[in-house]
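Please keep the sequence and structure at hand while reading.

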Amino acid sequence: MSHTAHIPSHRKPRQRASKSALRAGVAGGFLSTIAVAGAAGPAQAEPVTQTIEMPTITDGLSTAVAASAQATQQVALDLETRANEDAAAEKAAKTAKKAHAEAVREAEAKKKAEAAAKAKAKAEAEERAERASRTAERTTLSASSGSSDSGSSASAPSSSSNVSGSAASIVAFAKAQVGDAYVSGGTGPNAWDCSGLVQAAYRTAGIDLPRVSQSQSTAGTQVSLDNLQPGDILYWGGAGSAYHVAIYVGGGEFVGAQNSSTGTVQRSLDYDRPTGAVRVL
């Protein structure tokens with residue numbers, strides 16, 4: 001190359017004062033790379049006569065980036081707040097559901113307790129009414145039989161020690177069941193109702209009685225309560241409409257399946273004096 005050849009200037013154009021140091025550094029590095037590439041190329045390559053300007057990070061772009069970051073942070077905070085609110089609402093719903101279920105259980109328990117109390121009170125009232133009815137019927141019976149029995153001495157009830165034959169079998173069976181439970185409709189072998197016990201006792205003597213107390217109260221010959229014999233059937237209520245029966249076992253006592261509270265017992269006639277009696281044997 002001639003020493004008089006024109007040598008283009010490699011001086012970079014003057015940058016404006018507003019250019020940032022970052023742009024200067026990036027541009028400078030880029031131009032240095034171009035210069036090295038040119039020096040390594042062929043000798044006839046055209047020299048670099050201009051620079052390439054790189055994008056400039058302006059104040060506006062920085063502001064936009066900062067605003068975007070702030071907006072992203074706000075969205076994250078909003079999502080977190082929403083998640084916390086949803087969790088709190090779910091917890092409150094579970095607590096309310098549990099409280100409602102507990103209230104329902106307490107209401108049901110209270111309702112059952114009230115029903116049980118009413119049933120108990122009703123049963124007690126019915127028992128008192130039944131006893132009062134028995135007392136009234138006994139009073140009526142005593143008044144009606146008083147005139148026919150006046151002037152004659154009442155014979156003492158027979159003792160169970162003198163019982164023999166079929167009556168002994170009936171009495172022995174009845175006494176053997178003392179302590180068994182009372183169950184409505186019970187016919188043994190360990191639970192009875194009143195007529196079920198009487199029917200089973202008579203069956204040991206080969207006698208088949210009706211099943212219910214109403215029929216058993218008319219199954220034989222009516223006898224006075226002052227002339228009882230072991231094996232006689234005692235009844236409470238009217239003949240043919242009796243609501244309870246038992247077996248006279250002698251010595252002024254009877255055996256009967258009384259109720260669910262006492263079960264099958266042996267009691268004195270004075271414990272609950274019967275209305276009448278029938279003799280089947």
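The sections below go from the basis of the model to the sheet, its hairpins, the helices and a single residue.

## Basis

This is a predicted model, in which local features need pLDDT of at least 70 and side-chain atom pairs count only at pLDDT 80 or more, while totals for chains, interfaces and linings use all residues. Residues are numbered from 1 along each chain as its sequence is written, and side-chain values use heavy atoms, with hydrogens and water left out.

## The sheet

Helices (H or I, at least four residues) and strands (E, at least two) are DSSP runs, numbered from the N terminus. Two strands are taken to pair if DSSP finds at least two bridges between them. Strands of a sheet pair through backbone hydrogen bonds, either parallel or antiparallel.

Six strands make up an open sheet with antiparallel pairing, in the order β3-β8-β4-β5-β6-β7. The edges are held by β3 (221-223) and β7; each has a single partner strand, so one side of each lacks a neighbour in the sheet. On average, neighbouring strands of this sheet are turned by 35° against each other, direction ignored.

Strand β5 (residues 244-250) pairs with strand β6 (residues 253-259) in the antiparallel sense over three bridges. Tyr248 has Phe254 of β6 as its bridge partner, and Gly250 has Glu253. Two residues lie between the strands of this hairpin, where Gly251 takes a positive phi near 65°.

A second hairpin leads from β6 to β7 through three residues. These two strands pair in the antiparallel sense over six bridges, with Gly256 opposite Val265 in β7. Five of the seven residues of β6 are buried (under 20% relative accessible area, with exposed over 50% and partly exposed in between; 1.4 Å probe, protein chains only). Strand β6 is therefore largely enclosed by the rest of the structure.

## Helices on the sheet

Helix α3 (residues 165-176) lies across β5, β6 and β7 and runs at about 115° to β5. Helix α4 (residues 194-203) packs on the sheet, touching β4 (233-236), β5, β6 and β7, and its direction makes about 45° with that of β5. Contact means heavy atoms within 4.5 Å. Axes are lines fitted to C-alpha atoms, for helices over the stretch in contact, and angles run from 0 to 180 degrees between N-to-C directions.

## Thr264

Thr264 lies in strand β7 (residues 263-268). Thr264 counts as buried because its relative accessibility is 1%. Not counting residues up to four places away in sequence, Thr264 touches Gln177, Val178, Gly179, Asp180, Ala181, Trp192, Leu197, Val255, Gly256 and Ala257.
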